[in-house]
Amino acid sequence: MRRDDRSDSDLVRAFMARDEIAAEELYARFAPRVFGLGMVMLGNGAQAEDLVQDTFVKVWRKADSFDSTRGSLDTWVLLVARSLAIDLIRRRVLETRVLAAQEDPGDVSPGAGPEEQAETRDMASRARRAMAGLSAGQRAALELAYFQGKTSAEVAELEGIPVGTAKTRIRTALVKLRDALEVGHEL
Amino acid sequence: MSCEEVRAQLPDYTLGTLSETEAAAVRRHLRACSGCRLEARTLDEGVTMFAGAAHAMDPPPDLKARVMRVLAEEWVEAPRPRVRRTRSLLRWTALAAAIVALAGSLTWGAIEQRDADRFRADSARSASDAASYRLFLHALGGRDVRVVTFVQRSDVVVDGSAVLYDSDRGQSWVLVMARVPGYIGQLTVSLSSANGHAISLQPLHIEGEGDGATWLVTSSDISAFQTVTLRIPDGPVIASGTAIEP
């Protein structure tokens, strides 16, 4: 059976069985998105690389919990990566606060800004075109939910809107993106 | 939960921000509602496409080697899953017994009596040893042996596997074994190919403690057939699997 015809369940099962080809296939498929997620959320190339490593180890350790009937492998892996990135951000915030509390205020130096993010040109332009089709509210709701893992209720509170409106904005944004980006693939 | 309630939850469900209790309730509804499953799949695809377009970046070329090295270390140090010997013993014992029965009941011109006698003796001695019956398969001049491990596809708990033997001497066969605890009755079994052709095996009878087996012997070439599906008669698919090289 050709490797590229494997179902996601078969691929994960092979990965669980320590199949190197399966590991390489998963890396090729997910490393760019996980690395990019790390760059966006963590703003740092070194930490984005760490995120890729941590994600693949965690995916292997949790592989037996993947159930293709509950959702796609893509979303499952991306949510694992996002969860790790959020934990890292929270740890970083905590370390910053602890450090600030310990330091003499006079010695505090201004924090360095995020590194320049590398973007591939066509991916970025497609993302911009797709996102331009969203309203400001839809874009904000999706970014809060996706990049920060906020629930609809938390998005509603942060945006000052009803929960139902938050849910609708997130849903509409995802459906519009799916439709717009799929059209982009067909052109 | 109603469809309206579930669809209101789907954005959070898709983005993984529901509690486990809420997510379980949504999953329960989705299992029985194709309309809501389609909506869930749409949102899931939206997330995938958004991720691919919004934040896919080529990582540094040397990152792959680093990740593969770390995984290799993990694989060496992580404990291997324990083999549940009771089930594997049952599996191989049943398989060896089936092969002995087949060898005794079929006439294969390519097999010399000497080889068949040696096989019977070997099988009796090492019924729990997969390698011994693989020797038997090679003695027959088998072209390929493929293994299918079933994946549960519904709420019905299913465990089992199938072996597909592709012969180059005109006698191929398929052996299917399954355990369905708490179920007594028949399962329909089919073998299908990627281009949509299907072969139906004799029904698999589940009795007693939930074990059952069925097999197919054929002069047809089954090398193109790779997926085995178990279904409750006139009911849903409960398990399926696609052959991989052992």
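Visitor: How many helices and strands does chain A have?
Guide: Keep in mind that this is a predicted model. Chain A has eight helices and zero strands. From the N terminus on, its elements read α-α-α-α-α-α-α-α.

Visitor: What share of chain A counts as buried?
Guide: Of its 187 residues, 43% are buried.

Visitor: And the contacts within chain A, how much comes from residues 24 or more positions apart?
Guide: Those pairs make up 58% of the contacts with a separation of 6 or more.

Visitor: Switching to the interface. How much area do chain B and chain A bury between them?
Guide: About 5200 Å², with 66% of it on carbon and sulfur atoms. B:Phe50, B:Met57 and B:Trp75 supply 16% of the area chain B buries against chain A, more than any other three residues.

Visitor: How many residues does each chain put into the contact?
Guide: Chain B gives 51 residues and chain A gives 61 residues.

Visitor: What about salt bridges, how many between the two chains?
Guide: There are six salt bridges between chain B and chain A. One joins the side chains of A:Arg171 and B:Glu39, at 2.4 Å from N to O.

Visitor: Which helix of chain B gives the most to the side that touches chain A?
Guide: That is α3(B), with 14 residues. Helices α1 (3-14), α3 (34-54) and α4 (63-77) of chain B each supply at least two residues there.

Visitor: How does that side of chain B split by class?
Guide: It has 27 nonpolar, 12 polar and 12 charged residues.

Technical notes: Residues are numbered from 1 along each chain as its sequence is written. Chains are lettered from A and ligands numbered from 1 in the order in which they are written. This is a predicted model: local features need pLDDT of at least 70, side-chain atom pairs count only at pLDDT 80 or more; totals for chains, interfaces and linings use all residues. Side-chain values use heavy atoms; hydrogens and water are left out. Contact means heavy atoms within 4.5 Å. Buried area is the accessible area (1.4 Å probe) that two parts lose on being put together, summed over both. A salt bridge is a side-chain nitrogen of Lys or Arg within 4 Å of a carboxyl oxygen of Asp or Glu. Helices (H or I, at least four residues) and strands (E, at least two) are DSSP runs, numbered from the N terminus. Ala, Val, Leu, Ile, Met, Phe, Trp, Tyr, Cys and Pro count as nonpolar, Asp, Glu, Lys and Arg as charged, and the others, Gly among them, as polar. Buried means under 20% relative accessible area, exposed over 50%, partly exposed in between (1.4 Å probe, protein chains only).
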